[in-house]
Amino acid sequence: MYYVPDDTKKCGYYQCERCKEKFLSLQTMEKIDCPYCAEEIDMEIGPDDDITEFKDTAKLVQVLEGEDVEKMDSLLSLAITGGNYDWI
């Protein structure tokens, strides 16, 4: 699978409030750090700079279980990879 390892039975479906990206995570907490926004962080910040604007920006939309995990992973990965539509 693209977002989570094969045979994952439970995961969280998230949408970032900052960049609007949707993704799956093995975590199921209410809010987590967005992996896409984390890539944008400039590590050359000074002592007066604040990086809290990048913390906990992804909000849990739904907890997926069982077969829904694989279906949602395939659906989301189609947008990124332009993959195969046979599973639909």
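I take helices (H or I, at least four residues) and strands (E, at least two) as DSSP runs, numbered from the N terminus.

**Entry 1: ground rules.** I am working on a predicted model, where local features need pLDDT of at least 70, side-chain atom pairs count only at pLDDT 80 or more, and totals for chains, interfaces and linings use all residues. I number residues from 1 along each chain as its sequence is written, and side-chain values use heavy atoms, with hydrogens and water left out.

**Entry 2: positive phi.** I looked up Asp7, which is found in the segment before β1. Its phi is near 65 degrees, a positive value in a residue other than glycine. Asp7 counts as exposed, at 66% relative accessibility. For this I use relative accessible area: buried is under 20%, exposed over 50%, partly exposed in between (1.4 Å probe, protein chains only). I then turned to Lys20, in the loop between β1 and β2. Phi of Lys20 is near 70 degrees, again a positive value in a residue other than glycine. Lys20 is exposed, with a relative accessible area of 54%. I noted the background: most residues other than glycine have a negative phi.

**Entry 3: the core.** Which of its 17 residues touch the most other members? They are Phe23, Leu24 and Leu64. Two or more residues come from each of β1 (10-16), β2 (22-25), β4 (58-65) and α2 (67-81). β1 gives the most, with four residues. I also listed the contacts of Leu24 (heavy atoms within 4.5 Å). Leaving aside neighbours within four places in sequence, Leu24 touches residues including Tyr3, Val4, Cys11, Leu64, Val69, Met72 and Leu76.

**Entry 4: aromatic rings.** I pair rings of Phe, Tyr and Trp (its six-membered ring) if their centres lie within 6.5 Å; planes under 30 degrees apart count as stacked, over 60 as edge-to-face and the rest as tilted. I get three aromatic pairs by this rule. Tyr2 and Tyr3 are edge-to-face, 5.0 Å centre to centre, with 75 degrees between the planes. Tyr2 is partly exposed at 44%, whereas Tyr3 counts as buried at 19%. Phe23 and Tyr36 are also edge-to-face, at 6.1 Å and 65 degrees. This pair links distant parts of the chain: Phe23 lies in strand β2 and Tyr36 in helix α1 (residues 35-39), 13 residues apart. Phe23 is buried at 2%; Tyr36 counts as partly exposed at 23%. I recorded one aromatic cluster formed by Tyr14, Phe23 and Tyr36.

Terms used: Core = buried A, V, L, I, M, F, W, Y, C linked by side-chain atoms within 4.5 Å.
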